[in-house]
Amino acid sequence: MSGNVPADPAIIARVYRSLRLIRRTEEEVARLYPSDKIKSPVHLSIGQESVAVGVCDALNDDDIVSATYRGHAGYLAKGGDLNQMMAELYGKGTGGAGGKAGSMHLVDMSAGVMGMSAVVGTTVPIAAGYAFALKTEGKGRIAVSFFGDGATEEGVFAETLNFASLHKLPVLFVCENNGYAIHSPISSRWATDRLCERVETYGIPAKKLENDEVFALRAATEEAAAVIRNGDGPQFLECMTYRWREHVGPGEDYDDGYRSRAELEPWLAADQVAKTGDMLDDDARQTIDDEVESLIAAAIDFAEQSPWPEPEELFSHVFAE
Ligand SMILES: Cc1ncc(C[n+]2csc(CCOP(=O)(O)OP(=O)(O)O)c2C)c(N)n1
Ligand SMILES: [Mg+2]
């Protein structure tokens, strides 16, 4: 670990709790998935948690984040309600979107989590639009947009960078670069891997984090957020990370022929959940682990006990009368 580790043990404990909550929630989702109780596809972020946690821990409660269909980590790191998330995965009426949206469309505006989307790239301009509103509001709040390396290939990504820079919008762009869009590696998709250079041509300062060390991410976000809050416009972080499980679903896919297990090894060795936990003494870590387990058990129970949406709900939240 680098010199970015905070001196305050309360911050280390908070960051570990967030990492552990996301890891264990998704492991439970993976365990439950074959039972068919979870009614939507799941894109797990196991292995990538530290990007969401490092960034969100440096934000204020009233800042706003947007994320993607791989959004469990961003949702929970920003403080999204766990019971509502689990109920949403189960398709129950008590879910954050009334059980009609599922894992790919989590939302909890009371925690500053904008609705997510399965359409690659789309939440990037929506976050910038929200940042436009925040700029008008003038209270120093910022919006954060999480998206994958694949999203940077969408035309709307370039359009958004230009617009956000031109209007000095208070938005932090965070690319979760896990090296793949489904099964396609970056080497087969990008003419060069100099993403930050491309971003800088729009007048947006960009920084690449070569590994997923959570406190380096947190420090980079603190620095970027301060510049944004000062009215100096967008900042960009490219965060190298690695998806441990298959693109969609609960399992692994190292036998599918597009990547090797050897590629995973260095990321496993640098697991941020374990490394951050090791910074705490055993008692403190155990207390957090116990709390996390009871929160998850309560959320699963909440989802299982919750009612299905009423049939009339089919006609709410739609444009047609
Ligand atoms: C506009 C659009 N094109 C294609 C897809 C199909 N698709 C779903 S996920 C995905 C890969 C995106 O990769 P990346 O942005 O790197 O995110 P990751 O899944 O690695 O987190 C694609 C191509 C889609 N959902 N939306
Ligand atoms: Mg990717």
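Reader: Which residues is glutamine 235 in contact with, leaving aside its neighbours within four places in sequence?

Author: Once those neighbours are set aside, glutamine 235 is in contact with Val171, Leu172, Phe173, Ile204, Pro205, Ala224, Val227 and Ile228. Please keep in mind that this is a predicted model.

Reader: Where does glutamine 235 lie?

Author: Look in strand 7, residues 235–240, and you will find glutamine 235 there.

Reader: Does glutamine 235 count as buried or exposed?

Author: The general idea is to compare relative accessibility with a cut-off, and buried means under 20%. Glutamine 235 has 12% relative accessibility, so it counts as buried.

Reader: And aspartate 61, buried or exposed?

Author: Here the cut-off for exposed is over 50%. Aspartate 61 has 74% relative accessibility and therefore counts as exposed. Its place is in the loop between helix 2 and strand 1 (64–66). Not counting residues up to four places away in sequence, aspartate 61 touches Lys78 and Ala111. The C-alpha atoms of aspartate 61 and serine 110 are separated by 9.6 Å, although the two residues are 49 apart along the chain.

Reader: How many residues of helix 2 are buried?

Author: Nine of its nine residues are buried, and helix 2 is thus mostly covered. Among them are Glu49, Cys56 and Asp57.

Reader: How are two packed helices described?

Author: We give the angle between their axes and the distance between the axes. For helix 2 (residues 49–57) and helix 8 (residues 214–229), the angle is about 40° and the axes are 7 Å apart. That angle makes helix 2 oblique to helix 8. The crossing of helix 2 past helix 8 is right-handed.

Reader: Which residues of helix 2 and helix 8 meet?

Author: From helix 2 come Ser50, Val51, Val53, Gly54, Val55 and Asp57, and they meet Val214, Leu217, Arg218 and Thr221 in helix 8. Sorted by class, this contact of helix 2 with helix 8 has five nonpolar, three polar and two charged residues.

Reader: At what angle do the axes of helix 1 and helix 4 cross?

Author: They cross at roughly 20°, and the axes of helix 1 and helix 4 (residues 82–90) come within 13 Å. Helix 1 and helix 4 are therefore roughly parallel to each other. Leu21, Thr25, Val29 and Leu32 of helix 1 make the contact with Leu82, Met85, Met86, Leu89 and Tyr90 of helix 4. By class, the residues of the contact of helix 1 with helix 4 are eight nonpolar, one polar and no charged.

Reader: In the largest nonpolar core, which residues touch the most other members?

Author: A nonpolar core is a set of buried residues joined through side-chain atoms within 4.5 Å. In the largest one, with 68 residues, Val144, Phe146, Leu172 and Val174 touch the most other members. Helix 1 (residues 9–32) gives the most to this core, with ten residues. There is also a second, separate core of 24 residues, including Phe147, Phe157, Leu195 and Val199.

Reader: What does leucine 172 touch, not counting residues up to four places away in sequence?

Author: Its contacts include Val55, Val144, Thr221, Ala224, Ile228 and Gln235. That brings us back to glutamine 235, whose own contacts include Leu172.

Terms used:
Residues are numbered from 1 along each chain as its sequence is written. Chains are lettered from A and ligands numbered from 1 in the order in which they are written. This is a predicted model: local features need pLDDT of at least 70, side-chain atom pairs count only at pLDDT 80 or more; totals for chains, interfaces and linings use all residues. Side-chain values use heavy atoms; hydrogens and water are left out. Axes are lines fitted to C-alpha atoms, for helices over the stretch in contact, and angles run from 0 to 180 degrees between N-to-C directions. Helices (H or I, at least four residues) and strands (E, at least two) are DSSP runs, numbered from the N terminus. Angles under 35 degrees count as roughly parallel, over 145 as roughly antiparallel, 65 to 115 as roughly perpendicular and the rest as oblique. A crossing is left-handed if the near helix is turned anticlockwise from the far one by less than a right angle, and right-handed if clockwise. Contact means heavy atoms within 4.5 Å. Ala, Val, Leu, Ile, Met, Phe, Trp, Tyr, Cys and Pro count as nonpolar, Asp, Glu, Lys and Arg as charged, and the others, Gly among them, as polar. Buried means under 20% relative accessible area, exposed over 50%, partly exposed in between (1.4 Å probe, protein chains only).
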